[in-house]
Amino acid sequence: MKLVVCHVTLLDGTDFTCEVEKRAKGQYLFFKVCEHLNLLEKDYFGLTYQDNHDQKCWLDPTKEIKRQIRSNNWQFAFNVKFYPPDPSLLTEDITRYLLCLQLREDVASGRLPCSFVTHALLGSYTLQAEIGDYEPDQPRPLDFISQLTFAPNQNKEMEEKILELYKSHRGMTPAQADTQFLENAKKLSMYGVDLHHAKDSEGVDIMLGVCANGLLVYKDRLRINRFAWPKILKISYKRNNFYIKIRPGETEQFESTVGFKLQNHRAAKRLWKVCVENHSFFRLNAPEPPTKARFLTLGSKFRYSGRTQAQTRMASSLIDRPAPSFERTSSKRTSRSLDGAPMISITEAGRESAENGREPHLELHSDSKVTVVDVSPGDAEAMLSQHSPGSSELGPPQVSVPQTEAATADNTTSDTKEPAKTTEVEIEETVVVQEISRAPKPGLVTVAASPPAAPSAEQEMREQEVKVQEEAVVVEEAKPRKEESISSESESEEEAEYHPYLPVSISHTQIPEEKEEEEEQEKQEEDKTAELQVLASDASSLPAEVIQPAEETSREEEESRKEDDTETEETEKTTNAEEEKEVERETEESTDDPMVTPDEAPNGLTLPEEGVTVIDAHAEEEEEPKMNGEPSLIEAEPLPQVICCSEPPVVKTEMVTISDTFAAQKTEIATKEVPIVHTETKTITYEAAQLDGNGDGEPGVLMTAQTITSESLCTTTTTHITKTLKGGLSETRIEKRIVITGDCDIDHDQALAQAIKEAKEQHPDMSVTRVVVHKETELAEED
Amino acid sequence: MAGLMAGYGHYTHAVVRGIPASLAKEALRSSQTEVDLAKAVKEHEAYVEVLRTRLGLEVVELPADESLPDCVFVEDAAVVCGDTALITRPGAESRRGETEAMKGALKDLNLNIVEMTDENATLDGGDVLFTGREFFVGLSKRTNQRGAEILADAFKDYAVSTVPVLDGLHLKSFCSMGGPGLIVIGSSEPAQKALKIMQQMSDHRYDKLTVPDDLAANCIYMNLPSKGHVLLHCTAEEFPESAKVFEKLKDHMLIPVSNLEKVKVDGALTCCSVLINKKANI
């Protein structure tokens, strides 16, 4: 077992060193640190590391440390992650003390701005807590005070004021002084606000602040808008754009989407994650259940995995130990120099804006790649031909350059000529905000796909919805995209939506009223969809028991939309390793378990109305592993086969922005500002020759389908496993969608090669039949 | 020990200024009306008397300046919060001179003076609503974004949100604080819209008291030792319907104050004084 040494800078400035296994998860180290600190109320805290771009990132507790830190720099800092709005509700003094330490640092560095008087007051409580009562006979107290850092622009006058106030605190215990400190600090307007640089739709520098109550928008020091969590329906990001979808107000009829531009995609993703976490922590009773979420969510996989504030309060109310003794120290602020302190303050925005223009990460050309690796035993059917009846509507125009090079499993597609290395990436992540609901019906979840930036009319047509019931029964509707001809970019325009707590129904016809406007259209398209689904299944065996065409369709859609799923990666609690295991398990199931009982099929074929189908969801499947056909693997000898080619489409993306209320009031919604993103999409498909028929012959029957998502540093892998029965053969098809994301520093070829290699290793008895390289380049953006 | 936001409405001092004869003819106004100077002077004297005698505030009375017809409306010249005073840069050029005397008076009261020197900034105190927890700054004909920014910089502890003022002279032409967490608001559409924005922008919850007349929504709240909640509001003579609404406030010591003449030159109750709390602050 390989061990590495981790260095963790604690809040008092001391360094904590410990050894962890090289493959340890973030959680392990975090617990080690908390143990060292004797901290029980740990959920407010987290570990940070500096990424390659010197950005402070939160260490994900559920993931391996090694895969997050990227560099071999095992250096971390222990920090407050969620600032409790009312610190007096914390159970233990030690927790309050640690919060004080963080705030002292925040205040001294200027991250938490405060007035002269407040600086002095906070400083005086700090002295009282750290060194106790003022000693009148202490020589030259001012000299001592001036050695400590209390404020970014500390001066003699302030120090005198601190001393004056400090004298008045005589008799206060350290814990009382901490409490007073927190009572004052918590009222500061920037308390607990995590600031991110951004630009509004007009390219104006703003700051976005994430906090317990929601999202704040600042221009310079001024708050120009605020979106409370309950107002936010959905949070998403795509490339360097960050979007929130706003619940319509009492008088408004439509939801609106507000878009912001971040410096780069990493910044957008970071902001998105912080939003997801803060919302979960402060607004939910419990984190979203991972298993269900996994199934439904074809997209982003990141979710807050820790305890929510409600849970941690509950847990800490049970703390039953004598108050641990600990020593308060002021050593840190004595020695610290503020020069290097990375801080963002709202006033900075303006100044930085000038520099921004020159920074390389504002590169307007971006590029991304989505790779689909098909690992499937035996079947080498062309995906595109599968869709034939509907592909024109379903898929984006996937046309690609004739390619003669083989892309068999061994022939890693790394031969693909990648475009410039200066690539930014196609990323879209979405989370639909789940608000605390008093009603305990956890039912319906809607996953809808549509472009976050698209005007609502288009959106309506494009949405794809998945409704999920408590028992993880899914009604899925997939619809062809209508305006193919207009917007050809397709996949990047999709979005996933997640509406919790709506009532549930199994069959499509029962889907309740409150469905969105799209429903009508969806209904019309239902039939088509069903057809496609049937055709979509592959050649395989055994009489059909279960139809799950919806899922199949969704797979096809994924196929055509690609990023839809992978990039709107929805979260899972499961870690990579676990996911991988699961993939394996699934695979085994399909081959090793020959018992199929038609009656056990969770949702019979026999319900004719259910054209759009009830699907046996993930959870259920795990409990009922019996419905698999005989294992009958057919090895494909994949030969290269050329598919299609396409011209680069151009997409216009619009966004509706109301980033400041003034504008909003003046124009209600400033729909006129239309940033246009020209995007070039190119899809290259490598295909192995087909073994059996064209697959469009007999319709197979889909037995199970499953989507698993996992993520590493620069790749996101969505594994979609489908088992189909056709003519007495069962077939397991595993489709991996790997989104390789990153900037210039990523070697796409290598990442792709690695992905294919991993796929092969994981499923040695399968062969890669198809590799689709999809890359997207943002042509230009003019602000 | 007073920390942040302690004792909203506690005041010890008030700065007021006399009415120059030039007010009758030269003071800025949004509608052409005749001002009866004698009545205006009398009205103002009564106002000052309430502050001094009835409420026991220490009143600093600045002499009127004939060259500054609007100088009685001292509120626009300075924003005081805690022991910091921001000397503004009034939006109307003819009023810029008003800040000089105000600065001197506030300096004498030992307040920390912050001056708005930026020539691109304008701010009238009438556009600044301090709720005890945060500031709302109306962006109006008189106040611009830059002015609001400088205010935010002067009072770093507090959130400063901007509110568009599309109708009326100032933000406080249709609203004011009627108590801690209580916003008095006019019932016109622009007023209600502005309130909505303030509510959206705020992390705090405010109660609202809607009065039929926008101008009547401008009142002065104080929390004084031995007197408790005090509210100076419009008279029944001026706004009968709105006065009825105020009369329903049971916990407040209600003091109707006439403003019939000054309103003709867009002066409201808050306009005529700058309130300061000297003792409670550190």
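Guide: Start with the terms. Axes are lines fitted to C-alpha atoms, for helices over the stretch in contact, and angles run from 0 to 180 degrees between N-to-C directions. Contact means heavy atoms within 4.5 Å. Helices (H or I, at least four residues) and strands (E, at least two) are DSSP runs, numbered from the N terminus. The model is predicted: local features need pLDDT of at least 70, side-chain atom pairs count only at pLDDT 80 or more, while totals for chains, interfaces and linings use all residues; side-chain values use heavy atoms, with hydrogens and water left out. Residues are numbered from 1 along each chain as its sequence is written, and chains are lettered from A, ligands numbered from 1, in the order in which they are written.

Now the sheet, in chain B. Three strands form an open sheet, in the order S12-S13-S14. Its pairing is mixed; two strands pair if DSSP finds at least two bridges between them. The edge strands of chain B are S12 (220–224) and S14 (253–256), and each pairs on one side only. On average, neighbouring strands of this sheet are turned by 20 degrees against each other, direction ignored.

Next, one pairing within the sheet. Strand S13 of chain B covers residues 228–233 and pairs with S14(B) in the parallel sense, over four bridges. Opposite Leu231(B) stands Leu254(B), in S14(B).

Finally, the helix. Helix H2 of chain B, residues 37–54, lies across S12, S13 and S14 of that chain. Helix H2 of chain B runs at about 150 degrees to S14(B).
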